[in-house]
Amino acid sequence: MNIYILDLLVIGLLLLGVTLGSGWISRLPLSYALIYLVVGIFLGPYGVKLIQLRPDAEFLERLTELVVIISVFGCGLKMNRPFKLWAWQTTARLIGFLMPISIFAIAAFCHWLMGFDWGAAVLLGAILAPTDPVLASEVQLANVKDQDELRFGLTSEGGLNDALAFPFVYFGIYWLKDSNWDNWFKQWVAVDLVWAIASGIVMGILVAKAIVWVDKQVQRFREVDNLMEDFVALSTILLTYSLTELVNGYGFLAVFVAGVTVQASYYHNPKKRIAQLEFTERVEKLLEVGTILILGSLLLVAPMIKYAGEALLVAGLLLFVIRPIGVWISMLGSRIPPPTRWLFGWFGIRGVGSLYYLTYAFGKGLEGEIGERLAWITYIIVVISVILHGISATPLINWYERHIKGTSQDVSPDS
């Protein structure tokens with residue numbers, strides 16, 4: 001029997017099952033990612049062995065890269081706040097304070113208590129720090145009119161920190177290769193910090209505005225076919241990302257900014273913005289299926305047992321100590337109530353973004369025993385996050401909707 005045909009059969013049945021059962025699944029303490037993970041394990045070497053693909057790091061890097069850029073664009077499209085500091089206070093706190101706290105707390109723990117070199121410790125901190133915009137759909141903004149502060153903060157954090165963790169990833173890679181800062185620190189500041197961030201922001205605005213302008217000019221003369229029009233969103237993603245990468249900017253950041261720019265440009269045409277958002281979410285969900293299935297099939301018992309102790313220590317510290325305490329420190333002086341802060345602390349979902357940064361580091365020379373160590377710690381933590389957050393997201397969000405929502409407005413979009 002052709003295994004490829006059987007793979008298509010199983011994936012078809014999986015998609016049919018989760019689609020027709022979505023009404024029930026949405027009410028259960030389950031996430032779609034958790035279902036895909038379990039099915040991936042079942043199809044892998046410890047199950048029926050239908051997925052025999054052992055993709056290399058470059059394939060996984062490109063796959064996760066594509067999933068993330070589509071997801072962060074969708075996060076940008078959901079942003080519904082004016083470009084004023086008071087409207088983005090929560091995001092600024094989560095990015096400006098929480099992310100560095102998370103990175104350096106993980107790095108310090110791994111260096112002093114687990115024996116990592118500083119370069120590897122910082123790299124692991126940067127790999128694990130970003131929250132995931134792909135697997136966190138249950139806790140993100142439900143629609144373009146949703147003004148809830150918890151959902152807005154988690155959505156904007158997921159869209160931005162997958163881009164802004166990049167300087168720290170480079171910092172860890174440089175330090176891992178060369179402990180003498182004099183050889184690379186100035187270049188890191190000038191190129192990987194200042195230039196890459198600035199050019200990412202500028203390119204995101206310019207490319208998106210140019211595409212929106214062309215779109216509007218063309219449609220003045222002849223409307224685009226409705227079926228093809230949604231591909232404008234995909235072209236915006238690909239053009240913004242590729243052009244930004246060509247000038248050595250951060251493509252993830254540019255794509256998020258492009259999403260924000262597009263939603264602002266189509267503010268008076270909500271149908272178009274909603275159509276683009278729905279299209280990108282469908283593509284993202286389809287790619288998520290493949291990514292998590294592959295992750296499940298990659299899991300091997302021997303290395304997971306070997307690195308389980310270290311991974312559980314880091315996961316416990318990150319999910320139950322660093323993230324919650326970091327949120328409280330970051331929220332000092334805000335008017336967000338304690339229950340909402342605890343939810344911000346809990347919903348630090350790790351997933352496809354971490355897998356991307358891991359495989360990116362492999363492409364930049366991470367290898368050997370330290371590479372294997374970082375890889376399996378990351379895989380195990382992503383699996384733990386998929387399980388814990390997948391089980392807890394629905395009941396916690398339902399509790400929040402019933403008892404807390406409406407009291408958590410740190411800033412009001414109408415103020």
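**Entry 1: helices H14 and H15**

I began with a pair of helices and noted that H14 passes H15 in a right-handed crossing; a crossing is called right-handed if the near helix is turned clockwise from the far one by less than a right angle, and left-handed if anticlockwise. Before going on I wrote down that this is a predicted model, in which local features need pLDDT of at least 70 and side-chain atom pairs count only at pLDDT 80 or more, while totals for chains, interfaces and linings use all residues. Residues are numbered from 1 along each chain as its sequence is written, and side-chain values use heavy atoms, with hydrogens and water left out.

For the helices themselves I used DSSP runs numbered from the N terminus (H or I, at least four residues; strands are E, at least two). I found that H14 and helix H15 (residues 338-346) pack at an angle of about 135°, with their axes 8 Å apart, the axes being lines fitted to C-alpha atoms over the stretch in contact and the angles running from 0 to 180 degrees between N-to-C directions. That angle makes H14 oblique to H15, since angles under 35 degrees count as roughly parallel, over 145 as roughly antiparallel, 65 to 115 as roughly perpendicular and the rest as oblique.

I then listed the residues that meet: Leu319, Phe320, Arg323, Pro324, Val327 and Trp328 come from H14, and Pro338, Arg341, Trp342, Phe344, Gly345 and Trp346 from H15, where contact means heavy atoms within 4.5 Å. The residues of this contact of H14 with H15 divide into nine nonpolar, one polar and two charged (Ala, Val, Leu, Ile, Met, Phe, Trp, Tyr, Cys and Pro count as nonpolar, Asp, Glu, Lys and Arg as charged, and the others, Gly among them, as polar).

**Entry 2: helices H5 and H6**

I looked next at helix H5 (residues 89-114) and helix H6 (residues 118-128), which pack at an angle of about 140° with their axes 8 Å apart. This makes H5 oblique to H6, and the crossing of H5 and H6 is right-handed. Among the residues making the contact I noted Ile103, Cys110 and Trp112 of H5, and Trp118, Gly125 and Leu128 of H6. The contact of H5 with H6 divides into twelve nonpolar, two polar and no charged residues.

**Entry 3: cysteines**

I checked cysteine 110 and found that it counts as buried at 0% relative accessibility, buried meaning under 20% relative accessible area, exposed over 50% and partly exposed in between (1.4 Å probe, protein chains only). Cysteine 75 is also buried, with a relative accessible area of 0%. My search of the whole structure found zero disulfides, a disulfide being a pair of cysteine sulfur atoms within 2.5 Å.

**Entry 4: single residues**

I placed threonine 244 in helix H11 (residues 231-246), where it is buried at 0% relative accessibility. Not counting residues up to four places away in sequence, threonine 244 touches Ser199, Gly200, Met203, Gly249, Tyr250, Gly251 and Ala254.

Asparagine 248 lies in the loop between H11 and helix H12 (251-265), and I recorded it as exposed, with a relative accessible area of 54%. Its phi is near 65°, a positive value in a residue other than glycine. Most residues other than glycine have a negative phi.

Alanine 393 is in helix H17 (residues 368-403) and counts as buried at 5% relative accessibility. Its C-alpha atom is separated by 6.7 Å from that of glutamate 138, 255 residues apart along the chain.
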